[in-house]
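Let's take a walk through this structure together, one topic at a time. Keep the 3D view open as you read.

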Amino acid sequence: MVGLVGRLWNLQYKSIVKEASGKALAVAKFFCVLHVTNTYLCTFALAYGPNMVLTFNLTGDMFLAERLSIKFGKVGPGDIVLLRYPESPRKVMVKCLLGLESHSVTYVVDPMKSDRRDTVVVPKGHVWVEGDNIYNSRDSRQFGPVPYGLLEGKVFCKIWPPKEFGSLMKSGMKDPDL
Amino acid sequence: MSPTFNPRARNFTDDYVLVEKFCLKKYEFSHGDVVVFCSPSNHKEKHIKRIIALPGDWIGTTHNSHDDVLKVPKGHCWVEGDNSASSMDSRSFGPIPLGLVKGRVTHVVWPPQRIGLVERVFPQERVSSFK
């Protein structure tokens, strides 16, 4: 009698453990896929603040950025990119890419004070980034061209707020005179 | 990075090392850590060098045969190879942003006779960290 109860208990226990481990494995697989996608394919981020006012709202927009273009070098001037701050590796910023290596970039040095412009040639392996809002943006005009290795993703689609959902147009070359 | 890695010029196999990525959560490194980073002049190349100076440190270098003292800017680090005679490191391309670091080397895992921890050593006399 005790043996029968013992065997029934074993059976029930085994099936519970089997189901639990099956579900746990499914969850683990899901997180693996999520991690690989986030690291190598596509990630989402929240942008806020005044430095990209022409493209994003002040209060914060959510968008998708894909990583494959960066890996294969398929970024060019006019793209909006996600990159790490050279001065603070834990922070990520959103800027507009204006020049690749060996491009010549002309920029307004200090738009609040004067119209003085400077021209710089972007060195090998580096890129020049600027925020849309040149009056209130910390970018290559302050810390110089950044190494390409700091680029994290290329923004291709806005997902929040819902009424502004959609792909972002290439902003083209910026002209401070306009 | 000879003799820490690949101590003999024409070895039968290259050294293989274990690189940990948990350090990328906080980007907190110590003097003498050996790290893997993307080259600032070519993002497809990765280099392995030792961190000699951290943000805010003053490092003594020799530039064009005269001695110079540089302050490592915020968010950057100064990396040098152990083999100072032939090494492409911060002495040629300057301090690198910490964002380029992709991992920290902790152990040598191959060949078997060289398995072991990678020690943290650095030239203390060339670095001063006034905070």
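## A pair around B:Asp15

At 13% relative accessibility, B:Asp15 counts as buried (buried means under 20% relative accessible area, exposed over 50%, and partly exposed in between, using a 1.4 Å probe and protein chains only). The side chains of B:Asp15 and B:Arg114 meet in a salt bridge, with N to O at 2.6 Å (a salt bridge is a side-chain nitrogen of Lys or Arg within 4 Å of a carboxyl oxygen of Asp or Glu). The two residues are 99 apart in chain B: B:Asp15 sits in the segment before β1 (16-20), and B:Arg114 in the loop between β8 (101-110) and β9 (116-117). Those element names come from DSSP runs, numbered from the N terminus: helices are H or I with at least four residues, strands are E with at least two.

## How to read the numbers

This is a predicted model, where local features need pLDDT of at least 70 and side-chain atom pairs count only at pLDDT 80 or more, while totals for chains, interfaces and linings use all residues. Residues are numbered from 1 along each chain as its sequence is written, chains are lettered from A and ligands numbered from 1 in the order in which they are written, and side-chain values use heavy atoms, leaving out hydrogens and water.

Back in chain B, the side chains of B:Asp33 and B:Arg120 form another salt bridge, 2.7 Å from N to O. Here 87 residues separate the partners: B:Asp33 is in the loop between β1 and β2 (34-39) of chain B, and B:Arg120 is in the loop between β9 and β10 (127-128) of chain B. B:Asp33 has a relative accessible area of 3%, so B:Asp33 is buried.

## Chain A and its rings

Chain A has 3 helices and 10 strands. Of its 178 residues, 40% count as buried.

Now for the rings: a search of the whole structure finds 4 aromatic pairs over all chains (rings of Phe, Tyr and Trp, the last by its six-membered ring, pair if their centres lie within 6.5 Å; planes under 30 degrees apart count as stacked, over 60 as edge-to-face and the rest as tilted). The rings of A:Phe30 and A:Phe31 have centres 5.6 Å apart and planes at 65°, so this pair is edge-to-face. A:Tyr85 and A:Phe143 are also an edge-to-face pair, with 6.4 Å centre to centre and 75° between the planes. A:Tyr85 lies in strand β3 (residues 80-85) of chain A and A:Phe143 in helix α3 (residues 140-143) of chain A, 58 residues apart. Both A:Tyr85 and A:Phe143 are buried.

## Where the chains touch

The contact takes 15 residues from chain B and 15 residues from chain A (contact means heavy atoms within 4.5 Å). How many salt bridges are there between chain B and chain A? The count is 0.

## A tucked-away aspartate

B:Asp89 is in the loop between β6 (76-80) and α1 (90-93) of chain B. Is B:Asp89 buried or exposed? It's buried, because its relative accessible area is 0%. Leaving aside neighbours within four places in sequence, B:Asp89 is in contact with B:Lys49, B:Val79, B:Glu80 and B:Gly81.

Most residues other than glycine have a negative phi, and most peptide bonds are trans. B:Trp110 and B:Pro111, though, are joined by a cis peptide bond, with omega about 5°. B:Pro111 lies in the loop between β8 and β9 of chain B.

A:Ser102 isn't a glycine, yet its phi is positive, near 65°. A:Ser102 is exposed, with a relative accessible area of 58%. B:Tyr27 also has a positive phi, about 55°, although it is not a glycine. B:Tyr27 is buried, with a relative accessible area of 9%.
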